Amino acid sequence: MKKHHCCVCGKIPLTRNEIGLTKKLIEMETTSFYCLDCLADFLEVDTDFLLERVKEYKEQGCQLF
Ligand SMILES: [Zn+2]
């Protein structure tokens, strides 16, 4: 699988959760990925909120996580 990097801070590699969240919360077909911190910053939420979403998506059986 191709390694993605954070388009803001350059963190590499991104975790499966970070990639999944970017797709879910920004755009499925996005080519710009964010690490957890930068995604939280971009969406103006805190990282706990994002981690809660990950938990929810996992519980729903989402294939991205
Ligand atoms: Zn970043």
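Two residues are in contact if their C-beta atoms, placed from the backbone, lie within 7 Å. By that criterion, and leaving aside residues up to four places away in sequence, Leu21 touches Leu39, Leu50, Arg53 and Val54. The structure is a predicted model, in which local features need pLDDT of at least 70, side-chain atom pairs count only at pLDDT 80 or more, and totals for chains, interfaces and linings use all residues. Residues are numbered from 1 along each chain as its sequence is written.

**Overall architecture**

The protein chain holds three helices and zero strands, where helices (H or I, at least four residues) and strands (E, at least two) are DSSP runs numbered from the N terminus. The radius of gyration of the protein chain is 11 Å, close to the 11 Å that the globule rule gives for 65 residues, so the chain is as compact as a globular protein of that length. This radius is taken over C-alpha atoms, and the rule is 2.2 Å times the number of residues to the power 0.38. The C-alpha trace spans about 30 × 30 × 20 Å along its principal axes. Of contacts between residues at least 6 apart in sequence, 41% join residues at least 24 apart.

**Burial and core**

A residue is buried if 20 or more other C-beta atoms lie within 10 Å of its own, exposed if 12 or fewer, and partly exposed in between. Buried residues account for 22% of the 65 residues. The largest nonpolar core has 10 residues, among them Leu21, Leu39, Leu50 and Val54; such a core is a set of buried Ala, Val, Leu, Ile, Met, Phe, Trp, Tyr and Cys residues joined through C-beta atoms within 7 Å. Helix H1 (16-25) and helix H3 (47-59) each give two or more residues to this core.

**Helix H1 and its partners**

The buried residues of H1 are Glu18, Ile19, Gly20, Leu21 and Thr22, and they pack against helix H2 (36-43) and H3. The axes of H1 and H2, lines fitted to C-alpha atoms over the stretch in contact, with angles from 0 to 180 degrees between N-to-C directions, come within 10 Å and cross at roughly 20 degrees. H1 is therefore roughly parallel to H2, a label for angles under 35 degrees.

| Helix | Residues making the H1–H2 contact |
|---|---|
| H1 | Glu18, Leu21, Thr22 and Leu25 |
| H2 | Leu36, Leu39 and Leu43 |

Thr22 is buried, with 26 other C-beta atoms within 10 Å. Residues up to four places away in sequence aside, Thr22 touches Thr30, Phe33, Tyr34 and Leu39. Thr22 and Tyr34 are 12 residues apart in sequence and 6.3 Å apart in space, C-alpha to C-alpha.

Note on methods: Parallel < 35°, antiparallel > 145°, perpendicular 65-115°, else oblique.
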